[in-house]
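Hi there,

Here is the structure I promised to pass on. Please open it next to this email, and my notes follow below.

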Amino acid sequence: VIRDINKYSNNVMARQLLLTIGAQASQAPGSTARGAQAIRGWLSAKGIGADELVIENGAGLSRNERIAPTTLGQVLVAAFHSPVMPEFIASMPLVGYDGTMRKRLRGESVSGQAHIKTGSLNDVRSIAGYVQAASGKMYVVVCLINHPNAPLGQAAQDALLQWVFEKG
């Protein structure tokens, strides 16, 4: 399920996952509020403070949903240290090869070296994930752009991924 959600940005499945998490955690019918509460509990158990976090629909298709880049980075670090890390990373689009990143950075040296989840709305472009640098080190990368010119930011995000690969 996570692979399909992450590779292709399946918003309907993401919302259903939030509802399912809420139902299982509370032993009551699923709701976005119960799902958000369960996620806050998970974050807290991992030592991740997320006071700014707003989860409204679970799919990220809301102008009210919020997460700080630092918080998202901490979530990615926690996932990296999880026993399911290989499956989680593999669920994310591989730059230049598949999912929402299949047409980006093809032919660049970072192609095939980063697993990056994308997100976009009008005035929003985001990337978050992992870059395996040429040095062999793994880096967490988060870049969230909220601005009327956000679509122009894709080039900057791609340059960031390439830079982390080359200089990391």
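A word on contacts before the notes: two residues are in contact when heavy atoms lie within 4.5 Å. Please keep in mind that this is a predicted model, so local features need pLDDT of at least 70 and side-chain atom pairs count only at pLDDT 80 or more, while totals for chains, interfaces and linings use all residues. Residues are numbered from 1 along each chain as its sequence is written, and side-chain values use heavy atoms, with hydrogens and water left out.

Helix α3 covers residues 32-45, 14 residues in all, and reaches 20 Å from its first C-alpha to its last. That is close to the 20 Å expected at 1.5 Å a residue, where the expected span is 1.5 Å times one less than the number of residues.

Which residues of α3 are buried? They are Gly35, Ala36 and Leu43 (buried means under 20% relative accessible area, exposed over 50%, and partly exposed in between, with a 1.4 Å probe and protein chains only). These residues lie on the same side of α3 because they cover an arc of only 100° around the axis, the arc being that of the directions from the helix axis to the C-beta atoms. They pack against α2 (11-26) and α4. On the face turned away from the buried side, α3 carries the exposed residues Ala33, Gln37, Ser44 and Ala45. After α3 comes Gly47, with a positive phi near 80°.

Next, the aromatic residues. The structure holds two aromatic pairs (rings of Phe, Tyr and Trp, the last by its six-membered ring, pair if their centres lie within 6.5 Å; planes under 30 degrees apart count as stacked, over 60 as edge-to-face and the rest as tilted). Phe80 and Tyr130 make a tilted pair, 6.0 Å centre to centre with 40° between the planes. This pair links Phe80 in helix α4 (residues 69-80) with Tyr130 in strand β2, 50 residues apart. Tyr130 is buried at 2% relative accessible area. The rings of Phe88 and Tyr130 have centres 6.5 Å apart and planes at 90°, so that pair is edge-to-face. Phe88 sits in helix α5 (residues 85-91), 42 residues from Tyr130. Phe80, Phe88 and Tyr130 form one aromatic cluster.

Finally, strand β2 (residues 124-132) also contains Ser126, which is buried at 18% relative accessible area.

Best wishes

Technical notes: Helix = DSSP H or I, 4+ residues; strand = E, 2+ residues; numbered from the N terminus.
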